[in-house]
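Here is a short briefing for a first look at a protein model. Please keep the sequence and the 3D view at hand while you read.

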Amino acid sequence: MAPHARRSEAVGPKPPAPGGKLLSLKGDRAFQRLRKGKAGRGRYVSVKWLPAAELRVGIVVSKKVGKAVVRNKVKRRLREILRRLHLPQAHLLVVASPEAREADFAELFRDVVRALRKSGLVQ
């Protein structure tokens with residue numbers, strides 16, 4: 001096949017590769033639906049989830065955690081932690097507590113795993 005020729009295969013959206021980009025929850029309705037989800041809590045985060053056709057994640061870090069730089073740091077850490085975990089297909093909400101600003105990456109990682117285990121999403 002010539003390098004410029006088109007393939008006849010149907011090309012659809014690719015699932016996120018391990019370590020790839022996470023799909024985010026969109027819209028207020030998705031977040032409201034998760035209020036009825038299965039919950040788990042750790043020291044630094046609480047999680048809620050519902051089974052779904054694809055993995056979508058919502059991360060909530062309120063102003064109680066700190067100023068914008070601190071909130072973004074916590075969000076980046078949580079996003080990276082969720083990328084490293086091989087999560088099943090679900091809609092997942094992760095809410096950071098104000099104490100999350102003092103946690104280092106390893107503590108936050110352990111806490112997210114603990115909360116996910118309590119909620120029943122992972123074993």
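Predicted model: local features only at pLDDT ≥ 70, side-chain atom pairs only at ≥ 80, totals over all residues.

Residues are numbered from 1 along each chain as its sequence is written, and side-chain values use heavy atoms, with hydrogens and water left out.

**Overall fold**

- The protein has three helices and four strands. Both are DSSP runs numbered from the N terminus: helices are H or I with at least four residues, and strands are E with at least two.
- Along the sequence, the elements follow the pattern α-β-β-β-α-β-α.
- Of the 123 residues, 33% count as buried. Buried means under 20% relative accessible area, exposed means over 50%, and partly exposed lies in between (1.4 Å probe, protein chains only).
- Accessible areas come from the Shrake-Rupley method, and for residues only the protein chains shown count as cover.

**Salt bridges**

- The structure holds five salt bridges. Each is a side-chain nitrogen of Lys or Arg within 4 Å of a carboxyl oxygen of Asp or Glu.
- R56 pairs with E54, with the closest N and O atoms 2.9 Å apart. R56 is partly exposed at 22% relative accessibility. E54 is also partly exposed, at 34%.
- E80 and R83 meet in a salt bridge of 2.8 Å, N to O. Why are E80 and R83 separated by about one helical turn? They are so placed because they stand three residues apart in helix 2.
- E80 counts as partly exposed at 25% relative accessibility, and R83 counts as partly exposed at 22%.
- In helix 3, R114 and D111 lie three residues apart, about one turn of the helix. Their salt bridge has its closest N and O atoms 2.8 Å apart.
- Is D111 buried or exposed? D111 is buried, at 1% relative accessibility. R114 is partly exposed, at 40%.
- Salt bridges that share partners also join E80, R83 and R84 into one network.

**Surface charge**

- Which residues gather in a patch of positive charge on the surface? They are K21, K26, K73, R76 and R79.
- Patch residues have over 30% relative accessible area and no salt bridge, and like charges are joined within 9 Å. Lys and Arg count as positive, Asp and Glu as negative; His and the chain ends are not counted.
- The place of a charge is taken as NZ of Lys, CZ of Arg, CG of Asp or CD of Glu.
- R79, one of the patch residues, sits in helix 2, residues 68-84. R79 is partly exposed, with a relative accessible area of 32%.

- L22 lies in the segment before helix 1, which spans 28-33. L22 is buried, with a relative accessible area of 16%.
- The C-alpha atoms of L22 and E80 are separated by 9.3 Å, and the two residues are 58 residues apart along the chain.
- S119 belongs to helix 3, residues 105-119. S119 is buried, with a relative accessible area of 7%.
- What does the side chain of S119 make a polar contact with? The partner is the side chain of W49, at 3.2 Å. A polar contact is a pair of N or O atoms within 3.5 Å; within protein, one must be able to donate a hydrogen and the other to accept it, and residues adjacent in sequence count only if both atoms are side-chain atoms.
- The S119 side chain also reaches the backbone nitrogen of L121, at 3.5 Å.

Conventions: Patch = residues over 30% accessible without salt bridge, like charges linked within 9 Å, V, L, I, M, F, W, Y side chains within 5 Å. Areas by Shrake-Rupley, 256 points an atom, 1.4 Å probe, with all protein chains shown as cover.
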